[in-house]
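This report concerns helix packing and the surroundings of a ligand. Please inspect the sequence and the model before reading on.

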Amino acid sequence: MKQKFKSKNSGKQKRLSENEEIKLLNSWIESQKPDSGSNPMSLPPPLPNAPIGRIDDDTYSRYAGATRFDQLPISSKTKDGLRKAEFIDMTDIQKASLPHALCGRDILGAAKTGSGKTLAFLIPVLEKLYRERWGPEFGVGSIIISPTRELGAQLFDVLKAVGKFHNFSAGLLIGGRKDVNTEKEHVNELNILVCTPGRLLQHMDETPNFDCSQLQVLVLDEADRILDVGFKKTLNAIISQLPKHRQTFLFSATQTKSVQDLARLSLKDPEYLSVHEESTTATPNSLQQTAMVVPLEQKLDMLWSFIKAHLNSKILVFLSSCKQVKFVFETFKKLRPGIPLKCLHGRMKQDKRMGIYSEFCEKRSVLFSTDVASRGLDFNKAVDWVVQVDCPEDVASYIHRVGRTARYHSGGKSVLFIMPSEMKMLEQLESAKVPIQLIKANTKRLQPVSGLLSALLVKYPNFQQLAQRAFITYLRSIHIQKDKEIFDVMKLSIDEFSASLGLPMTPKIRFIDQKRRSQKMSANPTTFLALDSSGDENVSNTMDGELEVGDFKESDQGLFPPIDNPSSEVEDAVAPTRILKKKKLKINVHRPVGTRVSFDDDGNPLAPLAKLADIKTSNDAFVVDKDEKNEFYKKRREELKQADKEDKLLNRNRLKEKRKEKMNKMKKRAAKETQDDEDDISESEEERPQKRSKKFVDSDSDIDNKVENKFNTESISVAEQEELALKLLSSLQS
Ligand SMILES: Nc1ncnc2c1ncn2[C@@H]1O[C@H](COP(=O)(O)OP(=O)(O)OP(=O)(O)O)[C@@H](O)[C@H]1O
């Protein structure tokens with residue numbers, strides 16, 4: 001029986017008809033079921049003391065003895081595709097997982113980067129649909145989800161190669177690539193979808209009759225990333241629209257074992273296949289990993305020197321944000337290091353992104369990238385070096401970044417620039433079985449670049465804005481990191497960092513100022529006490545709850561340092577001002593709409609309805625009868641009601657106008673701005689699908705025109721300024 005699966009090219013067997021082959025494959029699957037009682041066809045029966053169907057997988061595949069693809073019970077079409085693409089021998093993860101996957105089991109596959117996980121899930125996808133005799137009229141039979149567009153495109157290419165001889169229709173659905181309306185017309189005819197989560201959900205939401213109810217196999221490549229919080233909402237929405245009865249494959253080099261995650265996906269007794277779990281290292285053995293202590297202000301000097309020393313290598317450089325990537329790419333390009341430079345980040349137009357990805361695959365060059373290139377990508381002409389200029393957010397991120405080199409059987413090297421404040425990361429890497437060697441940088445060979453950058457910034461003013469943005473987004477990226485033991489923005493030499501980018505002055509950063517203030521306050525607990533107790537007291541003692549800064553200082557003399565003390569202490573005195581200003585604003589916001597302030601003859605404001613009371617009291621000499629008085633009050637009440645109505649209408653119109661104005665302003669700003677600093681920490685658009693519509697993509701070529709100078713408004717954002725103005729205006733008018 002086993003021989004019947006031998007390929008046509010072996011010359012020993014007549015090729016089976018499609019029907020015969022499918023029948024045979026299905027009977028093999030049947031024989032693998034725990035209660036079948038019959039002997040498996042191509043794999044021997046399980047070991048005597050192992051529970052049927054739940055055998056330790058390494059043993060299972062070794063026992064099964066299949067080491068080559070052509071020994072597997074798979075269709076001749078898939079075998080032909082594999083042979084044509086020159087895939088002959090299986091890798092460990094393929095050997096371990098394919099027998100189970102082909103039997104229809106759910107798989108949690110974990111194996112080192114570059115170890116061939118892609119084929120471990122693509123082959124069973126093709127086989128399942130083949131055995132089910134899937135045709136175009138059946139619609140979507142399998143969905144393969146990738147966290148990034150580039151990885152999606154790469155998976156699609158491998159699928160096309162291996163599935164070359166099958167008749168399935170497959171489509172790549174990734175954002176920014178094609179007009180979504182064109183996709184909508186064809187998506188219902190596709191059998192296999194390779195997609196990013198955002199685009200898939202868009203089709204689920206918008207494409208009429210988009211139907212996944214017959215889905216057979218769902219695959220999450222880089223599963224831990226897709227199950228991460230960044231994709232949580234999108235993925236939940238997708239899963240809710242898929243049938244529960246299906247086969248599910250989750251693959252990653254850093255696999256999730258969270259029961260919650262697995263429950264979300266309704267996995268049925270999944271096979272957890274971690275082929276390298278016993279390995280002494282979590283990264284490929286052929287990867288040489290080093291780390292160098294590099295202070296923040298020397299990172300660019302070190303990077304420049306590194307590039308100049310490796311002009312014949314293919315180098316992938318990771319930086320923490322799009323702005324960092326843009327700044328380093330644009331400035332280094334002007335400085336001409338002697339090797340082609342490229343950049344890749346989530347804000348680029350998709351065509352350009354794909355173009356750069358393919359160019360980097362083919363040519364020796366330096367690619368500056370965000371984490372958009374950190375997972376799954378297989379740059380087919382090996383990357384020689386992975387340089388991590390900015391520390392990865394966690395161990396998993398490190399493993400995926402360095403995994404872009406040393407793939408399959410090739411070797412590779414990596415270097416991590418680590419700041420003295422981040423040394424804990426090395427401990428974490430060590431405990432995660434990452435063999436990394438700390439080496440000393442040869443500072444004698446360091447080629448300083450900061451002076452050249454300063455000159456560039458003078459010559460090209462746009463670069464100054466790029467530098468400011470790079471500076472701000474880097475600090476913000478550190479500020480928002482979860483692991484505060486490693487990432488502490490307050491430990492950074494901020495002025496020196498600014499100077500190292502060539503900036504003449506350190507940009508002002510609000511969150512750092514605030515942090516400094518709160519640090520000072522927490523260092524002096526009495527300051528806090530004074531702020532809380534006296535602040536409240538003052539609020540209740542003053543009319544309208546508004547306070548003057550002076551009130552505060554006066555009442556707390558002795559607790560706060562004297563005002564004429566050195567300037568550093570003046571900051572302490574400023575802190576209460578901010579809080580009080582906020583209180584003041586709050587009160588203004590809550591003033592009821594339409595409240596009219598009346599004035600007496602001397603121009604003094606009267607309490608609401610005092611005018612009515614006044615009529616009564618000031619006219620006590622004037623005798624009116626009761627009915628007349630009632631009539632008078634009724635009329636006044638109606639007048640007031642009417643006035644109130646008018647006020648409300650006026651106010652509504654005014655707000656409408658304001659909103660319109662604000663929208664116009666925002667639109668204008670949107671057109672100009674490359675991107676918002678706040679949102680710049682992330683890598684790729686598809687990683688934040690919910691926000692996509694609000695963001696803008698632009699090409700590198702028009703960076704110069706699109707960057708707007710926000711330097712001076714850093715302390716208070718434009719949106720905040722507008723909001724403030726709006727509130728002030730409305731409070732004045734009312
Ligand atoms: N059986 C095989 N024979 C020869 N080459 C293979 C085989 N399986 C995979 N490869 C090659 O190994 C490289 C890495 O494979 P793949 O991209 O599937 O790795 P991966 O485990 O998914 O990596 P990552 O964790 O980075 O996503 C690719 O170039 C692929 O063509």
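## Basis of the model

This is a predicted model, in which local features need pLDDT of at least 70 and side-chain atom pairs count only at pLDDT 80 or more, while totals for chains, interfaces and linings use all residues. Residues are numbered from 1 along each chain as its sequence is written.

## Annotated segment

The unreviewed UniProt entry lists residues 67-95 as "domain: DEAD-box RNA helicase Q". UniProt positions follow the numbering used here, feature names are shortened, and annotations may be inferred rather than shown by experiment. The end C-alpha atoms of residues 67-95 are 6 Å apart, and the span is 45% helix and 0% strand. Helices (H or I, at least four residues) and strands (E, at least two) are DSSP runs, numbered from the N terminus.

## Ligand shell

The shell around the ligand holds 19 residues, of which Thr113, Gly116, Lys117, Thr118 and Tyr408 come nearest. A residue is near a molecule or strand if its C-beta atom, placed from the backbone, lies within 6 Å of it. Helix α5 gives the most to this shell, with three residues.

By class, the shell has six nonpolar, nine polar and four charged residues. Here Ala, Val, Leu, Ile, Met, Phe, Trp, Tyr, Cys and Pro count as nonpolar, Asp, Glu, Lys and Arg as charged, and the others, Gly among them, as polar.

The axes of α5 (residues 117-131) and α6 (residues 149-162) come within 10 Å and cross at roughly 50°. Axes are lines fitted to C-alpha atoms, for helices over the stretch in contact, and angles run from 0 to 180 degrees between N-to-C directions. The two helices α5 and α6 are therefore oblique to each other (under 35 degrees is roughly parallel, over 145 roughly antiparallel, 65 to 115 roughly perpendicular, the rest oblique). Thr118, Leu119, Leu122, Ile123 and Leu126 of α5 meet Leu155, Val158, Leu159 and Val162 of α6, contact requiring C-beta atoms, placed from the backbone, within 7 Å. This contact comprises eight nonpolar residues, one polar and no charged.

Helix α6 also packs with α14 (residues 350-362) at about 60°, the axes lying 10 Å apart. That angle makes α6 oblique to α14, and the crossing is right-handed. Arg149, Glu150 and Ala153 of α6 meet Gln350, Arg353, Met354 and Tyr357 of α14. The residues of this contact divide into three nonpolar, one polar and three charged.

## Packing of α8 with α10

The axes of α8 (residues 197-206) and α10 (residues 232-239) come within 10 Å and cross at roughly 45°. Helix α8 is thus oblique to α10, and their crossing is left-handed. Pro197, Gly198, Leu200, Leu201 and Met204 of α8 make the contact with Thr234, Leu235, Ala237 and Ile238 of α10. Seven of these residues are nonpolar, two polar and none charged.

Technical notes
Two residues are in contact if their C-beta atoms, placed from the backbone, lie within 7 Å. A crossing is left-handed if the near helix is turned anticlockwise from the far one by less than a right angle, and right-handed if clockwise.
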